[in-house]
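Student: I would like to go through this structure by question and answer. Please show it before we start.

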Amino acid sequence: MPWVAGATALLILAGLYFGLFASPADYQQRDSVRIMYVHVPSAWNSMFIYLLMAVAAAIGLIWNIKVADIVAAVSAPIGASFTFITLVTGSLWGKPMWGTWWEWDARLTSELILLFLYLGYIALQSAFEDRRTAARASAVLAIVGAINVPIIYYSVQWWNTLHQPQSLGVGTSAIHPSMLLPLLLMALGFKLLYVVILLMRTRTEVLERERNAGWVQELAQELAATDKFPPDTIRSGNEYR
Amino acid sequence: MREVPGVLSALGVLIRRDLLLALRRRAQILNPLVFFVIVVTLFPLGVGPEPNLLQKLAPGVLWVAALLSAMLSLEAMFHSDFEDGALEQLLLMPQPVFVTVIAKVLAHWLLSGLPLLLLAPLLALWLHLPGDAIVVLMVTLALGTPVLSLIGAIGVALTVGLRRGGVLLSLLVLPLYIPVLIMGAGAVDSAASGLAVDAHLSIMGALLLLSLSLAPWAAGAALRISVE
């Protein structure tokens with residue numbers, strides 16, 4: 001995990017450098033184009049994470065794999081955060097560019113709906129006492145949502161469109177390389193950032209769920225023996241019950 | 001050994017049972033309809049009685065009100081059966097869960113969607129919607145309200161075991177209703193301004209078919225999870 005974290009930091013730093021200093025300002029949008037380097041990667045992440053969450057939830061539902069349930073459950077808040085970042089940066093970008101904070105445009109709206117879907121998922125997850133039921137019920141919701149996302153996307157797009165067309169497709173790119181490089185660096189960096197947070201949260205969640213298992217207790221004893229964690233900072237799992 | 005009744009007769013029995021139960025508790029059918037009427041009434045009071053403005057708002061107002069009132073009646077779909085244990089018995093039937101869900105959805109639609117459909121033209125007149133648009137409104141409601149019942153069934157099935165499922169239910173279901181709202185209101189809107197509505201209606205038909213084929217399956221799975 002330290003490796004992934006290191007790579008993440010490196011990529012994001014490099015992306016920020018190229019994005020903020022080395023890349024030219026847009027001739028029309030000037031410096032505000034630099035918002036793109038945060039906005040676009042988080043937008044990609046927000047959709048990617050939803051998909052991954054639905055797949056993990058399906059795996060957990062079908063094959064009863066506990067880790068898949070955990071991955072799906074801990075992904076939701078991360079995905080919701082990225083969606084929120086996308087909306088905020090998009091709004092900040094929209095103000096100087098379109099002259100408005102918010103416009104009922106197709107992509108903005110579908111991103112907002114995606115946020116609602118995340119919030120619904122999180123709400124359902126936390127409504128159940130029993131973790132197993134929570135995981136299975138929210139898995140059904142995630143799958144239904146995943147089927148619905150393209151439908152919502154197209155219906156909203158068809159409804160109203162102001163956003164510029166997609167400028168980065170497979171094999172085609174309308175972006176100059178000097179801007180593309182930081183964008184891709186940031187995209188990769190954000191993906192890895194997700195992986196890091198995902199791993200951290202999954203580890204915490206596994207430890208919490210297995211707090212009464214032998215290996216967790218042993219781990220706690222070992223940590224207590226070192227100076228880094230004095231015993232009073234570690235509570236044994238039984239105290240939570 | 002007794003012969004297992006066929007799928008269709010089971011469907012008929014279940015629907016008759018639900019309709020009968022609803023007839024004994026008429027308030028349950030009437031309340032969402034009264035709610036529908038009141039919500040629509042609120043809009044002229046809120047935005048002013050200007051006929052042009054009302055006509056412009058009418059498709060959206062009617063559809064949003066229909067959405068909300070469908071929401072309200074959803075909980076009744078499985079809730080009382082869950083409380084008295086009938087739901088578990090329904091899931092134990094030899095017929096697939098699919099059949100139970102379809103019967104429940106159909107009964108729900110007959111009790112909430114259909115009356116809504118019949119009431120809507122009256123309210124559309126209040127909002128000064130032209131005649132052509134009213135016809136289109138009825139067609140979209142006929143295509144759209146079953147979708148609302150079907151998608152809603154998934155949400156209710158997921159939340160039926162929870163003590164305070166009501167607000168959560170709307171949180172889960174309303175985002176999924178958005179395509180229906182856009183298409184339905186959009187069709188009425190273009191009809192009111194004299195444009196073609198074929199595309200809207202085709203898409204709504206597609207949504208209906210898609211949800212008809214997938215939603216009962218998902219709701220069945222959700223019911224099993226909630227009841228176990």
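**Helix packing and the chain contact**

Tutor: In this predicted model, α3(B) meets α8(B) through Q55(B), P59(B), G60(B), W63(B), V64(B), L67(B), M71(B) and L74(B). On the α8(B) side are L169(B), S170(B), V173(B), Y177(B), L181(B), G184(B), A185(B), V188(B), D189(B) and A192(B).

Student: By class, how many residues in the contact of α3(B) with α8(B) are nonpolar, polar and charged?

Tutor: One residue there is charged and four are polar. The number of nonpolar residues is 13.

Student: Is α3(B) roughly parallel or antiparallel to α8(B)?

Tutor: The two axes come within 9 Å and cross at roughly 150°. Angles over 145 degrees count as roughly antiparallel. Therefore α3(B) and α8(B) are roughly antiparallel.

Student: Which helix gives the largest share of the side of chain B that touches chain A?

Tutor: The contact takes 21 residues from chain A and 19 residues from chain B. On chain B, α7, α8 and α9 each supply at least two residues. The largest share, ten residues, comes from α8(B).

Student: How many charged residues does the side of chain B that touches chain A have?

Tutor: That side has 17 nonpolar and two polar residues. As for charged residues, there are none: no charged residues.

Methods:
Residues are numbered from 1 along each chain as its sequence is written. Chains are lettered from A and ligands numbered from 1 in the order in which they are written. This is a predicted model: local features need pLDDT of at least 70, side-chain atom pairs count only at pLDDT 80 or more; totals for chains, interfaces and linings use all residues. Two residues are in contact if their C-beta atoms, placed from the backbone, lie within 7 Å. Helices (H or I, at least four residues) and strands (E, at least two) are DSSP runs, numbered from the N terminus. Ala, Val, Leu, Ile, Met, Phe, Trp, Tyr, Cys and Pro count as nonpolar, Asp, Glu, Lys and Arg as charged, and the others, Gly among them, as polar. Axes are lines fitted to C-alpha atoms, for helices over the stretch in contact, and angles run from 0 to 180 degrees between N-to-C directions. Angles under 35 degrees count as roughly parallel, over 145 as roughly antiparallel, 65 to 115 as roughly perpendicular and the rest as oblique.
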